[in-house]
Amino acid sequence: MHCVCVDWGFCGCVKNDKPLHVDDLIPETGEVTADQFVEWVFLADNMDPNSDIEIWQKHKDAIRTAFVKHLGGDVVDASQLKWSEG
């Protein structure tokens, strides 16, 4: 989360007068894939991850790579997706 929000600026948005962050889209339990997480990061920022593939693909790839690096695989239990300050 630190990498996605602090380093790259995908920190969410305000939608319908309520703050929205990727944390809000992650289920409490169950499997989450790297690709699902990437999509949720974009949706939390009120962006369509498929709107302009050329522009967004490098960001999608970087987020996916960070997910796998930090979580040890491309599928993890949702309970592993916790905010970390560092």
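Helices (H or I, at least four residues) and strands (E, at least two) are taken here as DSSP runs, numbered from the N terminus. The structure is a predicted model, in which local features need pLDDT of at least 70 and side-chain atom pairs count only at pLDDT 80 or more, while totals for chains, interfaces and linings use all residues. Residues are numbered from 1 along each chain as its sequence is written, and side-chain values use heavy atoms, with hydrogens and water left out.

The protein chain holds three helices and four strands, arranged along the sequence as α-β-β-β-α-α-β. Its radius of gyration, taken over C-alpha atoms, is 12 Å, close to the 12 Å that the globule rule gives for 86 residues, so the chain is as compact as a globular protein of that length. The rule itself is 2.2 Å times the number of residues to the power 0.38. Along the principal axes, the C-alpha atoms fill a box of roughly 30 × 30 × 25 Å.

Contacts, defined as heavy atoms within 4.5 Å, can also be sorted by sequence separation. Among those between residues at least 6 apart in sequence, 58% join residues at least 24 apart. The chain exposes about 5500 Å², of which carbon and sulfur atoms supply 49%; accessible areas come from the Shrake-Rupley method with a 1.4 Å probe, and for residues, only the protein chains shown count as cover. Residues are called buried under 20% relative accessible area, exposed over 50%, and partly exposed in between (1.4 Å probe, protein chains only). By this scale, 33% of the 86 residues count as buried.

Spanning residues 34-44, α2 has A34, F37, V38, W40, V41, F42 and A44 buried. Their cover includes α1 (2-7), the strands β1 (13-15), β2 (18-20) and β3 (31-33), and α3 (53-71). A nonpolar core is a set of buried Ala, Val, Leu, Ile, Met, Phe, Trp, Tyr and Cys residues joined through side-chain atoms within 4.5 Å. The largest such core has 20 residues, and those with the most contacts inside it are V22, I26, F37, V41, I63 and L81. The elements giving two or more residues to this core are α2 and α3, and α2 gives the most, with seven residues. What does I26 touch, leaving aside residues up to four places away in sequence? The partners of I26 are M1, F37, W40, A78 and L81.

A salt bridge requires a side-chain nitrogen of Lys or Arg within 4 Å of a carboxyl oxygen of Asp or Glu, and a search of the whole structure finds two. In one of them, D35 pairs with R64, with the closest N and O atoms 2.9 Å apart. D35 lies in helix α2 and R64 in helix α3, so this pair ties together parts that are 29 residues apart in sequence. D35 is partly exposed, at a relative accessible area of 47%, and R64 is partly exposed as well, at 27%. R64 also meets D74 in a salt bridge (3.4 Å, N to O). Here R64 lies in helix α3 and D74 in the loop between α3 and β4 (75-77), so parts 10 residues apart in sequence are tied together. D74 counts as partly exposed, with 38% relative accessibility.

Most residues other than glycine have a negative phi, and most peptide bonds are trans. Helix α2 is followed by N46, whose phi is positive, near 60°. N46 is not a glycine, and it is found in the loop between α2 and α3. N16, also not a glycine, has a positive phi of about 55°. N16 sits in the loop between β1 and β2 and is exposed, with a relative accessible area of 69%. D23 is placed in the loop between β2 and β3 and counts as partly exposed at 33% relative accessibility. The C-alpha atoms of D23 and A44 are separated by 8.6 Å, with the two residues 21 apart along the chain. A44 is one of the buried residues of α2.
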